Amino acid sequence: MTYHVVKDPIKKVAIFGGTHGNELTGVFLVKHWLDHGAEIQRTGLEVKPFITNPRAVKKCTRYIDCDLNRVFDPGNLGKNMSEDLPYEVRRAQEINHLFGPKDSEDSYDVIFDLHNTTSNMGCTLILEDSRNDFLIQMFHYIKTSLAPLPCYIYLIEHPSLKYATTRSIAKYPVGIEVGPQPQGVLRADILDQMRKMIKYALDFIHNFNEGKEFPPCAIEVYKIMEKVDYPRNENGEIAAIIHPNLQDQDWKPLRPEDPVFLTLDGKTVPLGGDCIVYPTFVNEAAYYEKKEAFAKTTILTLKAKSVRSSLH
């Protein structure tokens, strides 16, 4: 038998909005669902909408003290609770207590974490584990349901780039990234796309719980290779900006000779290297402080075995 039986049905699901307080689609949807939950309820499933960084949401800023989406590591989660801790580290401990603990039996089954990007990434699903049959099947279902609207899958598995994401406390963490949308702004088209992504994701879980078997499938993913910083001068200040040919061209092939940066005196800086890459998070506003102009990805195919719930 090639069954990959996922032992149990999915019971507990959370939808996080406001992990970054100025990414408003998730904030708006979660606040709506807190008052009008019917849209996200599915029979036999507990679905909990939750605002993860309320202080940052109130101020409409990405974070108060530090990036909440980078502090869910054992070091931060294990620190002694005190007023001296950064707000987001205290908040991470609270969230881990409510929805975790991370890597335990009691943790939530699925967490959807809703994000916006200023980059032209369209509908993007973020995958942290290339060997997770259940999530590959879910992403395949969402992608197929959204068609002809494109849906990109970004695989952030990498030996040296560690992301201690808010959603990583769940057994099945799902990052949802929709753009382009400026920080602090709501766009109806982006809202509609994110809403559909959640609908199809919940439909998939519902179908799985009801005993539907999903046959083996394959998905194309964009796997992170490395992050590229802006060219800088001796003071560490940005010396060149994203080239117009690269702007808004997320997920499009980029060749070694293609220009990626432009200086104020008109010099272009080519990609370099020896292979075609697929850029993403191009000119993301939030990543200037992280010194990331774009990320280079490569295309892979991931295969999943058949999955079904053990109750059927």
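Strand 6 (residues 151-155) and strand 8 (residues 217-228) run parallel and are joined by 2 bridges. Strands here are DSSP runs of E with at least two residues, helices are runs of H or I with at least four, and both are numbered from the N terminus. Two strands pair if DSSP finds at least two bridges between them. This is a predicted model: local features need pLDDT of at least 70, side-chain atom pairs count only at pLDDT 80 or more, and totals for chains, interfaces and linings use all residues. Residues are numbered from 1 along each chain as its sequence is written, and side-chain values use heavy atoms, without hydrogens and water.

Stay with strand 8. Leu155 stands opposite Lys223 of this strand. Strand 8 also meets strand 13 (residues 294-304), and these two run antiparallel with 11 bridges between them. There, Glu226 faces Lys296 of strand 13.

Now turn to the helices. Two packed helices are described by the angle between their axes and the distance between the axes. Helix 1 (residues 24-35) packs with helix 6 (residues 188-209) at about 60°, and their axes are 10 Å apart. Axes are lines fitted to C-alpha atoms, for helices over the stretch in contact, and angles run from 0 to 180 degrees between N-to-C directions. The two helices are therefore oblique to each other. The cut-offs are under 35 degrees for roughly parallel, over 145 for roughly antiparallel and 65 to 115 for roughly perpendicular, with the rest oblique.

Next come the loops. The peptide bond from Gly100 to Pro101 is cis, with omega near -5°. Pro101 sits in the loop between helix 4 (87-99) and strand 4 (110-116). Ala147 and Pro148 are also joined by a cis peptide bond, with omega about 10°. Pro148 belongs to the loop between helix 5 (133-146) and strand 6. Trp251 has a positive phi, near 70°, and is not a glycine. Its loop runs between strand 9 (241-242) and strand 10 (259-262).

Last, look inside. The structure holds 2 cavities of 30 Å³ or more. A cavity is a set of points, on a 1 Å grid over the protein atoms alone, where a 1.4 Å probe fits but cannot get out; lining residues have an atom within 4 Å of a point. The second largest cavity has a volume of about 40 Å³. Its lining includes Asn22, Glu23, Arg62 and Glu284. The lining residues divide into no nonpolar, 6 polar and 3 charged.

Methods: On a 1 Å grid over the protein atoms alone, a cavity is a set of points where a 1.4 Å probe fits but cannot get out, and a pocket is an open set with protein on both sides within 12 Å along at least five of seven lines; lining residues have an atom within 4 Å of a point. Grid points are joined across faces, edges and corners, and a volume is the space filled by probe spheres set on the points. Ala, Val, Leu, Ile, Met, Phe, Trp, Tyr, Cys and Pro count as nonpolar, Asp, Glu, Lys and Arg as charged, and the others, Gly among them, as polar.
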